[in-house]
Amino acid sequence: MKRVLLTLLLALIMLTACEANDPTVDSPVVLNSFPEIIEPHNPEQAEQSGDAVVLLEGMRNKDKWKTFVKNVKNKQQDQVRVTMYTIEGGAIIHELIYDGSAIQATYDNSRDAYGSKQGITTNTCQGIGTKSEQGRVFNVLTGCEKAGSTFSIPK
């Protein structure tokens, strides 16, 4: 009797171990692991950290932004940090995390000496759209819970 119980217990352990390591089971993507921000957060450091960097003269790491937009369109989890610089050189940081259904947007203007001093705010948005303003086209967050989303990036 002991031998039968021991055999059943051993078989149960083996089945459980095999099931837990099944490579066909999709493991969730771990998001929200942005690199640490090194101060002062200048454009070169932001670019090296993998941020999409928006300057007056153009965008660096534009491929990071394009990949994020594509993944949102295809409903694939992704995240991107976009660092925008004001005329005075202040960093405004947007961290966008898409979980497959909504975008968690974090806005941080605490490094902008001349900004509105909102600090860090969050919003939940449903997608990415476009808007035209003064002959230029911008990507914007759409379907946001809080009105007046501050995110706008040249397309």
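Biologist: Which residue in β8 is the bridge partner of Thr130?

Modeller: Start with the rule: two strands pair if DSSP finds at least two bridges between them. Strands are DSSP runs (E, at least two residues), as are helices (H or I, at least four), numbered from the N terminus. Here Thr130 has Asn139 as its bridge partner in β8. Seven bridges join β7 (residues 127-133) to β8 (residues 136-142), in the antiparallel sense.

Biologist: What should I know before I read on?

Modeller: This is a predicted model, where local features need pLDDT of at least 70, side-chain atom pairs count only at pLDDT 80 or more, and totals for chains, interfaces and linings use all residues. Residues are numbered from 1 along each chain as its sequence is written, and side-chain values use heavy atoms, with hydrogens and water left out.

Biologist: How many residues lie between β7 and β8 in their hairpin?

Modeller: Two. In that turn, Gln134 has a positive phi of about 55°.

Biologist: In what order do the strands of the open sheet stand?

Modeller: The order is β2-β1-β3-β4-β5-β6, six strands with mixed pairing. β2 (58-60) and β6 (120-125) are the edges; each has a single partner strand, so one side of each is left without a neighbour in the sheet. On average, neighbouring strands are turned by 20° against each other, direction ignored. Inside the sheet, β4 (residues 91-98) and β5 (residues 103-108) run antiparallel, joined by six bridges. There, Ile97 has Gln104 as its bridge partner.

Biologist: Which strands does helix α3 lie across?

Modeller: Angles run from 0 to 180 degrees between N-to-C directions, with axes fitted to C-alpha atoms, for helices over the stretch in contact. Helix α3 (residues 62-73) lies across β1 (52-55), β2, β3 (78-85), β4 and β5. The helix runs at about 135° to β3.

Biologist: Which residues have the most contacts inside the largest nonpolar core?

Modeller: In soluble globular proteins, nonpolar side chains tend to be buried together. Buried means under 20% relative accessible area; exposed is over 50%, partly exposed in between (1.4 Å probe, protein chains only). A nonpolar core joins buried Ala, Val, Leu, Ile, Met, Phe, Trp, Tyr and Cys residues through side-chain atoms within 4.5 Å. In this model the largest core has 16 residues, and Trp65, Val82, Leu96 and Phe151 have the most contacts inside it. β1, α3, β3, β4 and β5 each give two or more residues to this core. Another core, of five residues, lies apart from it and includes Ala46, Val53, Tyr85 and Ala91.

Biologist: What is Trp65 in contact with, leaving aside its neighbours within four places in sequence?

Modeller: Contact means heavy atoms within 4.5 Å. The partners of Trp65 include Ala52, Met59, Val80, Ile128, Asn139 and Ile153. Asn139 is also the partner of Thr130 that we began with.

Biologist: What percentage of the protein is buried?

Modeller: Buried residues make up 33% of the 155 residues.

Biologist: Where is Gly115 found?

Modeller: Gly115 is in the loop between β5 and β6. Its relative accessibility is 27%, so Gly115 counts as partly exposed. Gly90 is 25 residues away in sequence, yet the two C-alpha atoms are 8.5 Å apart in space.

Biologist: And the overall layout: how many helices and strands are there in the protein?

Modeller: Three helices and nine strands. Along the sequence, the pattern reads α-α-β-β-α-β-β-β-β-β-β-β.
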